[in-house]
Amino acid sequence: MSRVVHPIEQESFRRLRARLDTSYFPPLSRAVVERVIHSAADLEYAADLVLDEADLRPAHAALHAGAPVVVDVEMVAAGITRRDTVCHLKDAKSGPGLTRSAHAVRLAYEEVGPGALWVIGCAPTALEELLTLDADPALVIGLPVGFVGAAESKAALRASGLPAVSNVSEKGGSAVAAAALNALLYHPISPSPEETP
């Protein structure tokens with residue numbers, strides 16, 4: 001199903017590209033970088049994001065083939081359009097050495113198994129827990145935000161060798177994590193000019 005791009009969104013991307021040259025990024029990387037910047041109005045993400053086109057291509061294919069999408073919080077789910085998501089935060093319980101977010105990741109993995117796309121935009125402990133599982137993800141969008149554990153959990157994600165989108169700094173959040181996933185959702189299998197803002 002073709003996506004109609006609203007004129008306000010088109011103008012926003014035009015202004016973004018007038019202020020920042022993103023043409024050197026390969027297609028999927030450019031889509032992710034631009035949509036993350038668009039979601040936060042923060043041009044610094046162009047240098048802060050860490051992503052690899054070689055990771056994004058198979059993740060994009062898996063997403064469009066129907067791979068499950070798991071999110072850490074409902075705020076991320078609310079930002080993801082055109083796709084149902086799995087979130088078990090409401091079912092999760094904290095315990096000694098285990099946050100609710102980490103328990104929710106365990107519950108989600110029990111449901112979806114390997115091959116999912118994981119979108120973590122809130123809780124560093126969710127990302128840390130995911131890294132302890134043998135999740136074999138199609139992609140981990142690890143963009144949790146915060147002064148405690150966020151940058152460290154993203155560094156651990158990059159060190160893990162898993163296919164990932166992350167960033168170096170402490171910033172992140174639900175909106176940018178959802179935007180990164182939406183970029184892959186909106187990017188068609190066979191690109192057509194009218195579908196790319």
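Which residues are buried in α6? The close-ups below give the answer and then move on to other parts of this predicted model.

**View 1. Helix α6 and its buried residues.** Let's start with the question. Ser101, Ala102, His103, Ala104, Val105, Ala108 and Val112 are the buried ones in α6. Now look just after α6, where Gly113 takes a positive phi of about 70°.

**View 2. Helix α2 and what covers it.** The 14 residues of α2 should span 20 Å at 1.5 Å a residue, and its end C-alpha atoms are 20 Å apart, which agrees. Buried in α2 are Leu28, Ser29, Ala31, Val32, Val33, Glu34, Arg35, Val36 and Ile37. Notice that Glu34 and Arg35 are on that list along with Leu28 and Ile37. The cover over these buried residues includes helices α1 (7-19), α3 (45-48), α4 (53-64) and α9, as well as strands β1 (49-50) and β5 (164-167). Just after α2 comes Ala41, with a positive phi of about 50°.

**View 3. Where α2 meets α9.** When two helices pack, we describe them by the angle between their axes and the distance between the axes. In this view, the axes of α2 (residues 27-40) and α9 (residues 174-186) come within 8 Å and cross at roughly 140°. Angles over 145 degrees would count as roughly antiparallel, but this pair is oblique. The crossing of α2 and α9 is right-handed. On the α2 side, the contact is made by Leu28, Ala31, Val32, Arg35, Val36, Ser39 and Ala40. From α9 come Ala175, Val176, Ala179, Ala180, Asn182, Ala183, Leu184 and Tyr186. Sorted by class, that contact has 12 nonpolar, 2 polar and 1 charged residues. Why the spacing along each helix? An α-helix has 3.6 residues a turn, so residues three or four places apart point the same way.

**View 4. Ser153 in helix α8.** Last stop: a single residue. Ser153 is found in α8, which runs over residues 150-160. Is Ser153 buried or exposed? Its relative accessible area is 1%, so Ser153 is buried. Leaving aside residues up to four places away in sequence, Ser153 touches Pro124, Leu127, Glu128, Leu131 and Pro144.

Terms used
Residues are numbered from 1 along each chain as its sequence is written. This is a predicted model: local features need pLDDT of at least 70, side-chain atom pairs count only at pLDDT 80 or more; totals for chains, interfaces and linings use all residues. Side-chain values use heavy atoms; hydrogens and water are left out. Axes are lines fitted to C-alpha atoms, for helices over the stretch in contact, and angles run from 0 to 180 degrees between N-to-C directions. Helices (H or I, at least four residues) and strands (E, at least two) are DSSP runs, numbered from the N terminus. Angles under 35 degrees count as roughly parallel, over 145 as roughly antiparallel, 65 to 115 as roughly perpendicular and the rest as oblique. A crossing is left-handed if the near helix is turned anticlockwise from the far one by less than a right angle, and right-handed if clockwise. Contact means heavy atoms within 4.5 Å. Ala, Val, Leu, Ile, Met, Phe, Trp, Tyr, Cys and Pro count as nonpolar, Asp, Glu, Lys and Arg as charged, and the others, Gly among them, as polar. The expected span of a helix is 1.5 Å times one less than its number of residues. Buried means under 20% relative accessible area, exposed over 50%, partly exposed in between (1.4 Å probe, protein chains only).
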